[in-house]
Amino acid sequence: MTSGELVFSLCDYSKEFIRNYKSKKLEQKVIDAIVVDYVNYFAASHCCMDLAMYTKDLRDGKKMSKEGTVLQKHNIMLPKDEYTNFGIIESVNRNRHMNDCGGKAEADNEEAVRLVETFITGYMDA
């Protein structure tokens, strides 16, 4: 799997993930913003791609990965420690132009970390 295929398959998975992930502590727009922020972070820091994904892209219905691509997910790692230690909500608020939170996202970092962990686990299991 190329780095581009990996990133695009993450984008496709994120669209499914946000429809199914529910949290009593996080508003939907914050969930969307965290997922987009993580995917953009991963693409930039690990695949040298400026993805420029926005939360509105989560609901456009377009697939980014090519149909028939064989994903060998067991050979990849989606690091979270450096991202989650950096401060997820702070990152979401810094990147307010890419989401609908307007720089005012509020959430417990523990809950945001749990969302990222659930996203990564779900992607690897899909």
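Tutor: C48 lies in the loop between helix 2 and helix 3; helices (H or I, at least four residues) and strands (E, at least two) are DSSP runs, numbered from the N terminus. The model is a predicted one, in which local features need pLDDT of at least 70 and side-chain atom pairs count only at pLDDT 80 or more, while totals for chains, interfaces and linings use all residues. Residues are numbered from 1 along each chain as its sequence is written, and side-chain values use heavy atoms, with hydrogens and water left out.

C48 has a phi near 55°, a positive value in a residue other than glycine. Most residues other than glycine have a negative phi. C48 is also exposed, at a relative accessible area of 74%; buried means under 20%, exposed over 50% and partly exposed in between, with a 1.4 Å probe and protein chains only. A52 belongs to the loop between helix 2 and helix 3 as well. A52 is not a glycine, yet its phi is positive, at about 55°, and A52 is partly exposed, with a relative accessibility of 36%.

S23 is buried, with a relative accessible area of 18%. S23 touches I31 and E111, leaving out residues up to four places away in sequence, where contact means heavy atoms within 4.5 Å. The side chain of S23 makes a polar contact of 3.0 Å with the side chain of E111. A polar contact is a pair of N or O atoms within 3.5 Å; within protein, one must be able to donate a hydrogen and the other to accept it, and residues adjacent in sequence count only if both atoms are side-chain atoms. S23 and E111 stand 88 residues apart in sequence, with their C-alpha atoms 8.6 Å apart in space. The side chain of S23 also reaches the backbone nitrogen of L26, at 3.2 Å.

F119 is in contact with L10, Y13, S14, F17, V35, Y38 and V39, leaving aside neighbours within four places in sequence.

The structure holds 1 cavity of 30 Å³ or more. On a 1 Å grid over the protein atoms alone, a cavity is a set of points where a 1.4 Å probe fits but cannot get out, and lining residues have an atom within 4 Å of a point. Grid points are joined across faces, edges and corners, and a volume is the space filled by probe spheres set on the points. The largest cavity has a volume of about 40 Å³. A33, V36, D37, N40, V92, N95, M98 and N99 line the largest cavity, and helix 2 gives the most to this lining, with 4 residues.

Conventions. On a 1 Å grid over the protein atoms alone, a cavity is a set of points where a 1.4 Å probe fits but cannot get out, and a pocket is an open set with protein on both sides within 12 Å along at least five of seven lines; lining residues have an atom within 4 Å of a point.
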